[in-house]
Amino acid sequence: MPIPWRSTPDAFAQVLHRHGVDTDAVTDVEAAWRAFCEFLHIEIDGLDPTPDADADGFIVQWGRYTWTDNRPTLSFTRQLAIAEDSDPNDSDWQPAYWQIDLQMCFEDEPELAGLDNLEIQDTGLTFDPIGPQRTTALAEVRNEMGRYPQLRAAWHAAPTGSTLSFVHVG
């Protein structure tokens, strides 16, 4: 049964909790990833129903940001295009985009040096449908990230801080 889109942060927090992950104190990136994969298979109600809409996707991002005091950061993000947040009868109608984001920050360890200078800073948004296609896409994303020593190091490091956010992005 699909959950209401406004309940997605709570649903992700519950999945994280089942995997032994505290949203404000992630200590195991692998457990957070498993929870994220499970969360990405939960159906969401209220998404843009337009055929071929990129209404439900995910992205993994990394780098150093001013809002994290330039600490190495790894984020697991689900992006939703919401239909009910705007008027589809408007000629300029666009869905509203929301992101549920688990951001994990790390200490400045030598193994993480250059994380912000990799040839790519994210996996790109992926919109494969829930089910086997999404499972395959998640495995491909995880394998691609494993190509970079800094991301492998982040995967095995204990984050020093984390936050779960739900923000309107457009």
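Reply: Two strands pair if DSSP finds at least two bridges between them. Helices (H or I, at least four residues) and strands (E, at least two) are DSSP runs, numbered from the N terminus. The model is predicted: local features need pLDDT of at least 70, side-chain atom pairs count only at pLDDT 80 or more, and totals for chains, interfaces and linings use all residues. Residues are numbered from 1 along each chain as its sequence is written, and side-chain values use heavy atoms, with hydrogens and water left out.

The part examined here is strand β4, residues 72-82. It belongs to a protein chain with four helices and six strands, which follow one another in the order β-α-α-β-β-β-β-α-α-β. The radius of gyration of the chain, taken over C-alpha atoms, is 16 Å, close to the 15 Å of the globule rule (2.2 Å times the number of residues to the power 0.38) for 170 residues, so the chain is as compact as a globular protein of that length. Along the principal axes, its C-alpha atoms fill a box of roughly 55 × 35 × 30 Å.

Strand β4 has neighbours on two sides. With strand β3 (residues 56-64) it runs antiparallel, joined by nine bridges; Asp-56, for instance, has Leu-80 of β4 as its bridge partner.

Burial is described by relative accessible area: buried is under 20%, exposed over 50%, and partly exposed in between (1.4 Å probe, protein chains only). Of the 170 residues of the chain, 45% count as buried, while in β4 11 of 11 residues do. In a regular strand the side chains alternate between the two faces of the sheet. Both faces of β4 are covered: one side holds Pro-72, Leu-74, Phe-76, Arg-78, Leu-80 and Ile-82, and the other holds Thr-73, Ser-75, Thr-77, Gln-79 and Ala-81.

Ser-75, a residue of β4, illustrates this position. Its relative accessibility is 4%, and it therefore counts as buried. Beyond its neighbours within four places in sequence, Ser-75 is in contact (heavy atoms within 4.5 Å) with Ile-59, Val-60, Gln-61, Asp-101, Leu-102 and Gln-103.

The loop between β3 and β4 includes Asp-69 and Asn-70. Most residues other than glycine have a negative phi, and most peptide bonds are trans. Asp-69, however, has a positive phi near 55°, and Asn-70 has a positive phi near 60°. Asp-69 is exposed because its relative accessible area is 66%, whereas Asn-70, at 41%, is partly exposed.

Thr-160 sits in the loop between α4 (149-156) and β6 (161-168) and is partly exposed at 40% relative accessibility. Setting aside neighbours within four places, Thr-160 is in contact with Arg-71, Cys-105, Phe-106 and Glu-107. Across the chain, residues 24 or more positions apart account for 74% of the contacts with a separation of 6 or more.
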